[in-house]
Amino acid sequence: MSYLDKLQEDIGKTLEKVSSREKYINNQLEHLIQEYRSAQAKLSEAKERYQQASGGVTERTRVLAEISEELEKVKQEMEEKGSSMSDGAPVVKIKQSLNKLKQEILQMDVRIGVVEHTLLQTKLKEKSNMTRDMHATNFPEPAAGPFS
């Protein structure tokens, strides 16, 4: 047998071994790949929910600012008109309404804070879970060397 024939035969055997090991490794890691894809999908879904919720909080904050500005205008107008009015009953009702609006604004501020806090906690928990999952992944080592 010539030297090149022997070399060809050795290379063929080595390629078969490499192919066999590659198939073995792919089979061993298939479930980890599936878990990773699933985790990526969950992360994308959580990010989307977070963006939607953040948009809702931002919109509510904008609406609250508009209402507060309008309230201040109405309050100023009422004070101007209140000084010229002789009957005090409407002024008392308006002041009661203003106090009620202030209480509602405070309640809305608290709700917004709770939603922002919940969103932040969810985001941090997702990040922590992803980090833990990535560090918890163990790859099995082959029993023998790659060209045994």
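**View 1. Asp133 and Arg132 in the predicted model.** Asp133 forms a salt bridge with Arg132, and the closest N and O atoms are 3.6 Å apart. The term salt bridge denotes a side-chain nitrogen of Lys or Arg within 4 Å of a carboxyl oxygen of Asp or Glu. Asp133 counts as partly exposed because its relative accessibility is 38%. Buried means under 20% relative accessible area, exposed means over 50%, and partly exposed lies in between (1.4 Å probe, protein chains only). This is a predicted model, in which local features need pLDDT of at least 70 and side-chain atom pairs count only at pLDDT 80 or more, while totals for chains, interfaces and linings use all residues. Residues are numbered from 1 along each chain as its sequence is written, and side-chain values use heavy atoms, with hydrogens and water left out.

View 2. Helix α2 covers residues 89-136, 48 residues in total. Helices are DSSP runs (H or I, at least four residues), numbered from the N terminus. From its first C-alpha to its last, α2 reaches 70 Å, close to the 70 Å expected at 1.5 Å a residue; the expected span is 1.5 Å times one less than the number of residues. The buried residues of α2 are Leu98, Ile105, Ile112, Leu119 and Met130.

View 3. Glu66 forms a salt bridge with Arg62, the closest N and O atoms lying 2.3 Å apart. Both residues lie in helix α1, 4 residues apart, about one turn of the helix. An α-helix has 3.6 residues a turn, so residues three or four places apart point the same way. Glu66 is partly exposed because its relative accessibility is 44%, and Arg62 is partly exposed at 40%. Glu59, Arg62 and Glu66 are linked in a network of salt bridges. The side chains of Glu69 and Lys73 also meet in a salt bridge (3.8 Å, N to O). About one helical turn separates Glu69 and Lys73, because they are 4 residues apart in helix α1. Lys73 is partly exposed, with a relative accessible area of 48%. The count of salt bridges comes to 6.

**View 4. A nonpolar surface patch.** Tyr3, Leu4, Leu7, Ile11 and Leu15 make a nonpolar surface patch of about 560 Å². Patches are made of residues with over 30% relative accessible area and no salt bridge; like charges are joined within 9 Å, and nonpolar side chains (Val, Leu, Ile, Met, Phe, Trp, Tyr) within 5 Å. Accessible areas come from the Shrake-Rupley method with a 1.4 Å probe; for residues, only the protein chains shown count as cover. Tyr3 lies in helix α1 (residues 3-84). Tyr3 counts as exposed because its relative accessibility is 63%.

Key:
Helices (H or I, at least four residues) and strands (E, at least two) are DSSP runs, numbered from the N terminus.
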